[in-house]
Amino acid sequence: MIPRPSQALTDLAVRLATNVAPNTTETFYAADAGLIAQLMFSLAQEYERGVETRMNDIDEMRTLLRRAPTSSAIDAFIELRPASLGLADVNTVHDTGTRLLIEAHAWAEVHDEPLSLDIWRYLRRHCERHKFELP
């Protein structure tokens, strides 16, 4: 068991960036080590917040989709819950909502400007929630 996986990933990334990369004599391998360290920092952050950020997105998508023209797919999504809180199951629901929101946004751009603007605002919040803070 790894009790604090995000901290373990961060520690490994720091070691790779501060010990391995600077001591690598070939530029390609030093850059590769740096890239891997950055990806490990990102994975650590995603581990900590991945489910929460997607569940926040799903809640917001449900709210927005309630304002779109009703359909059986939207009605089913509003009632859909992940099979578990595992990231893969949450991603399945998130992906469904995202596809429906794209369709609703295309409709709203022509027929419902306030909804379209609210979807753009959601997309801004979505990007802020999902961005990585890299050292």
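Predicted model: local features only at pLDDT ≥ 70, side-chain atom pairs only at ≥ 80, totals over all residues.
View 1. When the neighbours within four places in sequence are set aside, Arg62 is in contact with Phe77, Ile78, Leu80, Arg81 and Val93.

**View 2. Val93, a contact partner of Arg62 in helix 4.** Val93 is found in helix 4, and with a relative accessible area of 2% it is a buried residue. Apart from neighbours within four places in sequence, the residues in contact with Val93 are Ile58, Arg62, Phe77, Leu80, Arg81 and Pro82. Leu117 lies 24 residues away from Val93 along the chain, and the C-alpha atoms of the two residues are separated by 23 Å.

**View 3. The buried face of helix 3.** Helix 3, which runs over residues 72-79, has Ile74, Phe77 and Ile78 as its buried residues. Seen down the axis of helix 3, these buried residues fall within an arc of 100°, so they line one face of the helix.

View 4. Helix 5 is formed by residues 113-130, 18 residues in total, and from its first C-alpha to its last it reaches 26 Å, close to the 26 Å expected at 1.5 Å a residue. Its buried residues are Leu115, Ser116, Ile119, Tyr122, Arg129 and His130. The partners against which the buried residues of helix 5 pack are helix 2 and helix 4, the latter being residues 87-111.

**View 5. The contact of helix 2 with helix 5.** The axes of these two helices come within 10 Å of each other and cross at roughly 175°. Helix 2 is therefore roughly antiparallel to helix 5, because the crossing angle is over 145 degrees. On the side of helix 2, the contact is made by Arg49, Thr53, Arg54, Asn56, Asp57, Glu60, Met61 and Leu64, and these meet Leu115, Asp118, Ile119, Tyr122, Arg125, His126, Arg129 and His130 in helix 5. Sorted by type, the residues of this contact divide into 5 nonpolar, 4 polar and 7 charged.

**View 6. Thr63, a partly exposed residue of helix 2.** Thr63 lies in helix 2, and it is partly exposed, with a relative accessible area of 48%. Thr63 and Ala8 are 55 residues apart in sequence, and in space they are 37 Å apart from C-alpha to C-alpha.

Definitions and conventions: Residues numbered from 1 in each chain as written. Heavy atoms only, no water. Contact = heavy atoms within 4.5 Å. Helix = DSSP H or I, 4+ residues; strand = E, 2+ residues; numbered from the N terminus. Expected span 1.5 Å × (residues − 1). Buried < 20%, exposed > 50% of the residue type's maximum accessible area, 1.4 Å probe, protein only. Axes fitted to C-alpha atoms, helices over the stretch in contact; angles between N-to-C directions. Parallel < 35°, antiparallel > 145°, perpendicular 65-115°, else oblique. Nonpolar A, V, L, I, M, F, W, Y, C, P; charged D, E, K, R; others polar. Arc of directions from axis to C-beta.
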